[in-house]
Amino acid sequence: MAWTKYQLFLAGLMLVTGSINTLSAKWADNFVAEGCRGSKEHSFQHPFLQAVGMFLGEFSCLAAFYLLRCRATGQSDSSVDPQQPFNPLLFLPPALCDMTGTSLMYVALNMTSASSFQMLRGAVIIFTGLFSVAFLGRRLVLSQWLGILATIAGLVVVGLADLLSKQDSQHKLSEVITGDLLIIMAQIIVAIQMVLEEKFVYKHNVHPLRAVGTEGLFGFVILSLLLVPMYYIPAGSFSGNPRGTLEDALDAFCQVGRQPLIAVALLGNISSIAFFNFAGISVTKELSATTRMVLDSLRTVVIWALSLALGWEAFHALQILGFLILLIGTALYNGLHRPLLGRLSRGRPLAEESEQERLLGGTRTPINDAS
């Protein structure tokens with residue numbers, strides 16, 4: 001079936017905003033500016049403040065939900081029914097996981113390239129599959145186990161490419177290794193978030209925009225409050241600010257004042273995450289979850305290509321191999337091979353059932369598939 005103009009627009013919006021989300025965060029990290037109290041020029045390394053901005057973008061989805069609900073008043077659209085009962089505190093545990101995982105990933109983004117960051121996020125499949133078996137009682141089929149093994153192999157190849165190509169770059173080898181490990185750790189937390197959403201949130205049939213916005217509200221409020229103690233907690237070598245603390249929000253604002261383009265990068269990150277969540281939800285509804293997965297893989301290609309074009313990283317052939325293996329692993333885990341094999345053997349259309357499965361049993365992504 002041919003896509004409508006609206007569906008093409010949604011697919012393009014998801015691809016563009018998803019790419020902007022990671023690239024704008026990395027762009028902000030690349031800026032160098034003076035801080036407060038006449039401190040010397042230093043890199044803009046404020047991962048926790050960037051995470052606050054990301055949650056602000058998610059929080060805006062709550063406003064979008066209420067706008068849609070007002071528009072649906074008097075119409076037959078039950079997807080934004082104001083009578084849907086749920087306890088907002090159900091979103092607190094997954095929001096805490098999202099807050100921790102996102103903060104770790106922004107820290108890691110300071111240490112490694114944008115393309116490696118995006119590729120290594122594919123590790124979430126491994127932990128999601130294992131946790132779904134352990135805590136949700138699911139049984140993975142052979143293709144899903146093969147997908148997990150392929151993902152592990154792909155991660156090894158991408159990690160090897162990092163070790164071979166980053167020794168002469170702006171990042172030290174120790175930083176690259178630490179950053180890659182932090183990304184993997186973050187995916188464990190994201191997988192826990194997905195299991196919690198599956199077990200406690202999805203059964204209440206909450207509108208996705210409302211779910212994203214509520215988690216964004218919790219994350220924004222909690223992490224904003226945590227910026228105060230972070231201002232005083234020493235962080236040693238992990239700190240990127242002159243005071244050597246875990247986060248120095250005042251230093252970040254001083255750097256933004258001296259280099260306004262940082263504000264452009266931060267606003268790009270905040271706005272892109274809001275539109276990316278909206279587009280992702282709409283693509284799943286209008287097209288399929290499988291299409292969303294394919295677009296997310298294309299996002300990795302776009303980020304990698306632009307990073308190379310902008311000179312942010314050097315080309316390494318092993319990254320191509322690693323990405324292809326990761327793509328195969330994702331396809332196997334999500335069952336993308338089944339409709340393709342069905343077409344080849346029977347010549348019938350793609351099976352709709354496989355597109356309706358959730359990622360824990362097929363193709364579900366986390367409520368707020370951030371950055």
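Start with helix H5 (residues 124-136) and helix H6 (residues 142-165). They pack at an angle of about 145°, and their axes are 9 Å apart. This is a predicted model: local features need pLDDT of at least 70, side-chain atom pairs count only at pLDDT 80 or more, and totals for chains, interfaces and linings use all residues. Residues are numbered from 1 along each chain as its sequence is written, and side-chain values use heavy atoms, with hydrogens and water left out.

Some terms. Helices (H or I, at least four residues) and strands (E, at least two) are DSSP runs, numbered from the N terminus. Axes are lines fitted to C-alpha atoms, for helices over the stretch in contact, and angles run from 0 to 180 degrees between N-to-C directions.

Back to the pair. H5 and H6 cross in a left-handed way. Left-handed means the near helix is turned anticlockwise from the far one by less than a right angle; right-handed means clockwise. Who touches whom? On H5, Ile125, Ile126, Gly129 and Leu130; on H6, Trp145, Ile148, Thr151, Ile152 and Leu155. Contact means heavy atoms within 4.5 Å.

Next, helix H2 (residues 47-72) and helix H10 (residues 261-286). Their angle is about 40°, with axes 8 Å apart. That makes H2 oblique to H10. Angles under 35 degrees count as roughly parallel, over 145 as roughly antiparallel, 65 to 115 as roughly perpendicular and the rest as oblique. The crossing of H2 and H10 is right-handed. The H2 side of the contact includes Gly53 and Gly57, and the H10 side includes Ile270 and Ala274.

H10 has another partner, helix H8 (residues 208-230). Here the angle is about 150°, with axes 10 Å apart. So H8 is roughly antiparallel to H10. This crossing is right-handed. Pro208, Leu209 and Val212 of H8 meet Asn277, Phe278 and Ile281 of H10.

Now, salt bridges. How many does a search of the whole structure find? It finds 2. A salt bridge is a side-chain nitrogen of Lys or Arg within 4 Å of a carboxyl oxygen of Asp or Glu. Arg258 and Glu34 form one, at 3.6 Å, N to O. Arg258 lies in helix H9 (residues 249-258) and Glu34 in the loop between strand S1 (32-33) and strand S2 (42-43), so the pair ties together parts 224 residues apart in sequence.
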